[in-house]
Amino acid sequence: MDQLSAISEDLAEIDGRVADNFRALSNGFQKLEKIKDSSRQSRQLEDLTEKMREAKGLIKDFDKEVKALEDRFDSKTTKFLNEKKQSMIKELNSYVALKKQYASNIENKRIELFEGPSEGYTEENVLLASTMTNEQLMDQGNRMMDDTDQAIERGKRIVQDTINVGTETAAALKAQTEQMSRVVNELDSIHFSIKKASKLVKEIGRLLLTSVL
């Protein structure tokens with residue numbers, strides 16, 4: 001039996017579910033790295049976002065369970081549980097930051113514009129766990145997830161706009177192709193008429209020359 005199970009089976013069960021969730025996130029980001037299509041990347045990020053929400057909920061459950069049982073714990077156990085929770089939050093925040101980076105990259109590909117660090121994604125304001133409380137870490141993660149969700153939605157709209165433009169362009173090209181075909185047919189008809197008229201003029205010329213002679 002590990003240390004957490006010895007303290008509380010419920011806490012150990014939540015910890016196991018969080019670990020499973022983090023493994024799924026790790027595998028999901030490895031899969032995302034291999035996806036080249038932006039639309040598929042956006043869908044994969046949506047799935048990863050849902051996993052992060054599940055992880056956040058489990059961490060909150062862990063925190064509630066710790067607070068419900070804290071009167072039974074000595075200072076050493078309390079410190080251990082707080083460090084455990086801090087570790088969960090740090091790992092979740094690392095995935096949130098990674099997700100935000102991917103979402104920004106996807107949007108940059110779509111609009112061909114590099115947004116730079118103005119939205120707050122820098123080494124100085126992401127994952128400063130050593131100087132942030134648990135609540136600040138959670139708030140930071142929530143803000144980053146919200147920003148990333150908005151970036152994904154913008155990416156979706158850009159994808160749809162691109163599809164619409166492509167459809168309209170295809171329709172315009174089809175109309176232009178049909179128009180060019182009609183012009184070619186008309187030119188062929190004119191050419192045929194000119195040849196026919198030229199032949200008729202030559203025939204009339206021969207007839208006139210014969211009558212004169």
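Four residues, Phe22, Phe29, Tyr95 and Tyr102, come together as one aromatic cluster. The model here is a predicted one, and the ring-pairing rule gives 3 aromatic pairs in total. Take Phe22 and Tyr95 to start with: their ring centres sit 5.8 Å apart and their planes meet at 40°, so this pair is tilted, given that stacked pairs need planes under 30 degrees apart and edge-to-face pairs over 60. Phe22 belongs to helix α2 (residues 9-34) and Tyr95 to helix α4 (residues 75-111), so the contact ties together parts of the chain that are 73 residues apart in sequence. Phe22 is buried, at a relative accessible area of 5%, and Tyr95 also counts as buried, at 12% relative accessibility.

Zooming out, the protein is built with 5 helices and 0 strands, which read along the sequence as α-α-α-α-α. Of its 213 residues, 32% count as buried. Looking at contacts between residues at least 6 apart in sequence, 76% join residues at least 24 apart. As for the surface, the protein exposes about 14,200 Å², with carbon and sulfur atoms supplying 53% of that area.

Technical notes. Residues numbered from 1 in each chain as written. Predicted model: local features only at pLDDT ≥ 70, side-chain atom pairs only at ≥ 80, totals over all residues. Heavy atoms only, no water. Phe/Tyr/Trp six-rings, centres within 6.5 Å; stacked < 30°, edge-to-face > 60°. Helix = DSSP H or I, 4+ residues; strand = E, 2+ residues; numbered from the N terminus. Buried < 20%, exposed > 50% of the residue type's maximum accessible area, 1.4 Å probe, protein only. Contact = heavy atoms within 4.5 Å. Areas by Shrake-Rupley, 256 points an atom, 1.4 Å probe, with all protein chains shown as cover.
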